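Please consult the sequence and the structure shown here while reading.

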Amino acid sequence: MTYILGIESSCDDTSAAVIKNTRVLSNIIANQSVHSSYGGVVPELASRAHQQNIIPVVDVALKQANISKNQLSAIAFTRGPGLLGSLLVGTSFTKSLALALDIPIIEVDHLKAHILAHFLDDDEMINTPGFPFLCLTVSGGHTQIVKVSSPSDMEIIGETIDDAAGEAFDKSAKIMSLPYPGGPEIDKLARIGNSSAFSFPKPKIPDLNYSFSGLKTSFLYFLRDKLKVDDDFIENNKADLAASIQFTIIDILLDKLKKAAKVTGISEIAIAGGVSANSGLRSAITQTAADLGWRIHIPGIKFTTDNAAMIAIAGYFKYQDKDFSTQDITPYARSKFQ
Ligand code: KG4
Ligand code: ZN
């Protein structure tokens, strides 16, 4: 039996999880409320909060898994990409605990982990993708279409050239003065809004790549013009604005995903990352899958946003290959996965 402790500290969530082979025994996430009044993540505050949270979070993860730390086979941790100060907390904690327990450490790429979350055995995970599959990874910092041939063989076949889909949600929400993070707020409002109330231009980007910065700008200018004639335009049209911008983001995401499925001939499709929690995206992709005959894989909500169970499962695959890291390993801020 293999017990992996996963540690995630790349942004503003401190998370620890224990898995027994692929089965999730615990997955504890401490969110950091300290950033909400700043309208975004403040790196210095994030690393300080990670320092405060990491020991209690690991303690609860072990208790909930009902195992002792001496039973752990290895510790997997997020090496990057993310905020360096935050990553350092998880990396240093992992090194010292593993040294004390005399067990291996395993570095994990955060983006690959989002994808590998699909292999977690949990009541919220319905079916496991077969290889090769395409994964649309949509998070706060990245938007990629990845061809996944095995847990260790992934190729990015399309990605954003500027903002990520999560940023498009968050920035649109900020323009509307909604709280941070804006993605879930837009999602909530969109449910009661009319998605064809307003229309926004879609970018013309070649190949399988994305661009979201133009959409943010056109949303900003559209609202600026409307506010000139009606001070309450946003307040009076909140739900319709949210539904319309969400519809456009999803439309852009699915256009390229459909193209990717066509050019690769792969119809085994998954979504991953924080934006895959979006209810509009989940239903639109389910509909597209039904229309085009895709076999679709949508993660349970708790495995969409940042969590340590996904780090643990990525570590589990590497553990089987004895792909361990050494104590001199350092985090990386930018993606090394290309
Ligand atoms: O994967 P994640 O938790 O962190 C990163 O690795 O970036 O993704 C966070 C992003 C944020 O931009 C957040 O607004 C977005 O995921 N998000 C959503 C929803 N839940 C989280 N976006 C749209 N709808 C949601 N329900
Ligand atoms: Zn993430």
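The text below takes up the sheet, the helices packed on it, the nonpolar cores and the zinc site in turn.

The model is predicted. In it, 5 strands form an open sheet of mixed pairing, ordered S8-S7-S6-S9-S10. Strand S8 (153-159) and S10 are at the edges and have a single partner strand each, so one side of each is left without a neighbour in the sheet. From one strand to the next, the twist averages 25°. Strands S6 (residues 133-138) and S9 (residues 268-272) run parallel and are joined by 4 bridges, and Thr137 stands opposite Ala272 in S9.

| Helix | Strands touched or crossed | Direction |
|---|---|---|
| H7 (residues 233-264) | touches S6, S7 (143-150), S8 and S9 | about 160° with S6 |

Thr286 belongs to helix H8 and, with a relative accessibility of 39%, counts as partly exposed. The C-alpha atoms of Thr286 and Ile296 are 7.0 Å apart in space, while the two residues are 10 residues apart in sequence.

In soluble globular proteins, nonpolar side chains tend to be buried together. The largest nonpolar core in this model comprises 44 residues, and Phe212, Ile249, Leu253 and Leu257 are those with the most contacts inside it. Two or more residues are given to this core by each of S6, helix H4 (165-175), helix H5 (182-190), helix H6 (213-229), H7, S9 and H8, and H7 gives the most, with 14 residues. Leaving aside residues up to four places away in sequence, Ile249 touches Ala165, Ala168, Phe169, Phe212 and Leu215. Another core, of 35 residues, lies apart from the largest one and has Ala17, Ile106, Val146 and Val148 among its members.

Which residues coordinate the zinc ion (ligand 2)? The donors are His110 (NE2), His114 (NE2) and Asp306 (OD), at 2.0 to 2.1 Å, and along the chain they follow the spacing H-x3-H-x191-D. Because His110 lies in helix H3 (residues 110-116) whereas Asp306 lies in the loop between strand S10 (295-297) and helix H9 (308-320), the pair ties together parts that are 196 residues apart in sequence. Both His110 and Asp306 are buried.

Conventions: Residues numbered from 1 in each chain as written. Chains lettered and ligands numbered in written order. Predicted model: local features only at pLDDT ≥ 70, side-chain atom pairs only at ≥ 80, totals over all residues. Heavy atoms only, no water. Donors = N, O, S within 2.8 Å, 3.2 Å for Na, K, Ca; no water. Buried < 20%, exposed > 50% of the residue type's maximum accessible area, 1.4 Å probe, protein only. Pairing = 2+ DSSP bridges. Axes fitted to C-alpha atoms, helices over the stretch in contact; angles between N-to-C directions. Contact = heavy atoms within 4.5 Å. Core = buried A, V, L, I, M, F, W, Y, C linked by side-chain atoms within 4.5 Å.
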